Amino acid sequence: LSFDGGHDALYEVGAQIRKPIDSGARSFWVGGEFTLSRLSTSFSVGGTDFSSSTNGFSLTGLFGVPVGTSRWGPSIFAGVGISDYGAQGWNVRLGVDLQPTFLWEN
């Protein structure tokens with residue numbers, strides 16, 4: 001993320017768990033995600049550079065829909081949860097989840 005005079009960087013690592021709503025077919029799924037994060041900010045004021053970093057976490061409830069017929073194929077997902085980077089707040093996630101190709105069925 002860039003802003004006038006600086007930029008932010010957000011690094012996250014975590015895991016998801018999912019449960020299909022209908023176990024007999026590829027259907028909507030619900031799940032959750034937990035991530036550990038590092039948020040860094042750098043900016044310049046009057047020729048002097050400043051930087052600051054903080055560690056945090058997020059806990060997010062998710063729902064998604066598979067794309068295609070492969071059991072391990074991609075999904076489109078959305079979610080909402082809480083984040084804490086020194087102060088608590090809300091997070092919203094929208095995205096496409098791509099599985100590694102070695103998990104795909106032939």
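Mentor: Happy to! Let's begin with serine 83 and asparagine 91, whose side chains are joined by a polar contact of 2.9 Å. Keep in mind that this is a predicted model.

Trainee: Where is serine 83 placed?

Mentor: Serine 83 sits in strand S5.

Trainee: Is serine 83 buried or exposed?

Mentor: Serine 83 is buried, because its relative accessible area is 8% and the cut-off for buried is under 20%.

Trainee: And which residues is serine 83 in contact with, leaving aside its neighbours within four places in sequence?

Mentor: With those neighbours left out, serine 83 is in contact with Phe57, Ser58, Gln88, Gly89 and Asn91. Asn91 is the residue from the polar contact we began with.

Trainee: Let's zoom out. How many helices and strands does the chain have?

Mentor: The count is 0 helices and 6 strands. Read from the N terminus, the order is β-β-β-β-β-β.

Trainee: How much of the chain counts as buried?

Mentor: The chain has 106 residues, and 27% of them count as buried. The accessible surface comes to about 7500 Å², with 62% of that belonging to carbon and sulfur atoms.

Trainee: What about contacts between residues at least 6 apart in sequence?

Mentor: Of those contacts, 48% join residues at least 24 apart.

Trainee: Okay, charges next. How many salt bridges are there?

Mentor: There are 3 salt bridges.

Trainee: Which residue does arginine 93 meet at 3.2 Å?

Mentor: That is glutamate 12, and the 3.2 Å runs from N to O. Arginine 93 belongs to strand S6 and glutamate 12 to strand S2 (residues 6–20), so this pair links distant parts of the chain, 81 residues apart.

Trainee: Are those two buried or exposed?

Mentor: Arginine 93 is buried, at 16% relative accessible area, whereas glutamate 12 is partly exposed, at 36%.

Trainee: What does arginine 93 do with glutamate 33?

Mentor: Arginine 93 forms a salt bridge with glutamate 33 too, and their closest N and O atoms are 2.6 Å apart. Glutamate 33 is in strand S3 and arginine 93 in strand S6, so the pair ties together parts that are 60 residues apart in sequence. Glutamate 33 is buried, with a relative accessible area of 12%.

Trainee: Which residues are linked in a network of salt bridges?

Mentor: Glu12, Glu33 and Arg93 make up that network.

Trainee: And which residue does aspartate 97 pair with?

Mentor: Aspartate 97 forms a salt bridge with arginine 18, with the closest N and O atoms 2.0 Å apart. This pair also connects distant parts of the chain, with aspartate 97 in strand S6 and arginine 18 in strand S2, 79 residues apart. Aspartate 97 counts as buried at 16% relative accessibility, while arginine 18 is partly exposed at 31%.

Trainee: New topic! Which residues form the nonpolar patch on the surface?

Mentor: Val13, Phe34, Leu36, Leu59, Val80, Ile82, Trp90, Val92 and Leu94 form it, with about 1000 Å² of accessible area together. Two or more residues each come from strand S3 (29–45), S5 and strand S6 (88–97). S6 gives the largest share, 3 residues.

Trainee: Can you pick one of them, say valine 80, and tell me where its place is?

Mentor: Valine 80 is in strand S5. Valine 80 is partly exposed, at a relative accessible area of 47%.

Trainee: Last one: which elements have the lowest and highest mean pLDDT?

Mentor: Strand S1 (residues 2–3) has the lowest, 53, and strand S5 (residues 75–84) the highest, 93. Across the chain the average is 82, and 84% of the residues score at least 70. Where pLDDT is low, the predicted coordinates should not be read in detail.

Notes
Residues numbered from 1 in each chain as written. Predicted model: local features only at pLDDT ≥ 70, side-chain atom pairs only at ≥ 80, totals over all residues. Heavy atoms only, no water. pLDDT = per-residue confidence, 0-100. Helix = DSSP H or I, 4+ residues; strand = E, 2+ residues; numbered from the N terminus. Buried < 20%, exposed > 50% of the residue type's maximum accessible area, 1.4 Å probe, protein only. Contact = heavy atoms within 4.5 Å. Areas by Shrake-Rupley, 256 points an atom, 1.4 Å probe, with all protein chains shown as cover. Patch = residues over 30% accessible without salt bridge, like charges linked within 9 Å, V, L, I, M, F, W, Y side chains within 5 Å. Salt bridge = Lys/Arg side-chain N within 4 Å of Asp/Glu carboxyl O. Polar contact = N/O pair within 3.5 Å; in protein donor to acceptor, adjacent residues only side chain to side chain.
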